[in-house]
Amino acid sequence: MEIRINPDIFNPVYWHVRNALKNPKYRFIFAYGGSSSSKTYSIVQNILFETSLSEGSNTMVLRKYATDIRDSVLSDFKGQIEHYGVNDLFSPQINLIKCENG
């Protein structure tokens, strides 16, 4: 089954992250840029889509400071899970976000 995504609904950072995540040569992806440049937001979107569409994938998200995980990454995951209406697929906790597809 092929899923088509309208490219206009995502900002350009989303597509750069998506290309990097799909490249098997990359094991780590480092995102940098200014405040509010949608780094975390775009990465979270990609992880949610890829995780919900494929089984058996794991992703680790690290930040320079642990408090940033709770304040930005976890809140972005929760917000986007709610926004896309996939609450029944994901169960976010402080140090783990589990996808119900395995």
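A: A pocket here is an open set of grid points, where a 1.4 Å probe fits, with protein on both sides within 12 Å along at least five of seven lines. The model is a predicted one. In this model, the largest pocket holds about 1,000 Å³ of space. Its lining is made up of 32 residues, and those closest to the centre of the pocket are Ile29, Ile43, Thr59, Met60 and Val61. Sorted by class, the lining of this pocket has 17 nonpolar, 8 polar and 7 charged residues.

Helices contribute to the lining. Helix α1, which spans residues 12-22, helix α2 and helix α3 each supply at least two lining residues. The largest share comes from α2, with 8 residues. The next step is to see how α2 sits against the other two helices.

Start with α1 and α2. Their axes come within 9 Å and cross at roughly 50 degrees. The two helices are therefore oblique to each other. The crossing in which α1 passes α2 is right-handed. On the α1 side, the contact is made by Val13, Tyr14, Val17, Arg18, Leu21 and Lys22. On the α2 side, Ser42, Ile43, Gln45, Asn46, Phe49 and Glu50 take part. By class, the residues of this contact divide into 6 nonpolar, 3 polar and 3 charged.

Now turn to α2 and α3. Helix α2 covers residues 39-53 and helix α3 covers residues 66-83; their axes come within 9 Å and cross at roughly 55 degrees. This angle makes α2 oblique to α3. Helix α2 passes α3 in a right-handed crossing. From α2, the residues that meet α3 are Thr40, Tyr41, Val44, Gln45, Ile47 and Leu48. Their partners in α3 are Ser72, Val73, Asp76, Phe77, Gln80 and Ile81. This contact has 7 nonpolar, 4 polar and 1 charged residues.

Conventions:
Residues are numbered from 1 along each chain as its sequence is written. This is a predicted model: local features need pLDDT of at least 70, side-chain atom pairs count only at pLDDT 80 or more; totals for chains, interfaces and linings use all residues. Side-chain values use heavy atoms; hydrogens and water are left out. Axes are lines fitted to C-alpha atoms, for helices over the stretch in contact, and angles run from 0 to 180 degrees between N-to-C directions. Helices (H or I, at least four residues) and strands (E, at least two) are DSSP runs, numbered from the N terminus. Angles under 35 degrees count as roughly parallel, over 145 as roughly antiparallel, 65 to 115 as roughly perpendicular and the rest as oblique. A crossing is left-handed if the near helix is turned anticlockwise from the far one by less than a right angle, and right-handed if clockwise. Contact means heavy atoms within 4.5 Å. Ala, Val, Leu, Ile, Met, Phe, Trp, Tyr, Cys and Pro count as nonpolar, Asp, Glu, Lys and Arg as charged, and the others, Gly among them, as polar. On a 1 Å grid over the protein atoms alone, a cavity is a set of points where a 1.4 Å probe fits but cannot get out, and a pocket is an open set with protein on both sides within 12 Å along at least five of seven lines; lining residues have an atom within 4 Å of a point. Grid points are joined across faces, edges and corners, and a volume is the space filled by probe spheres set on the points.
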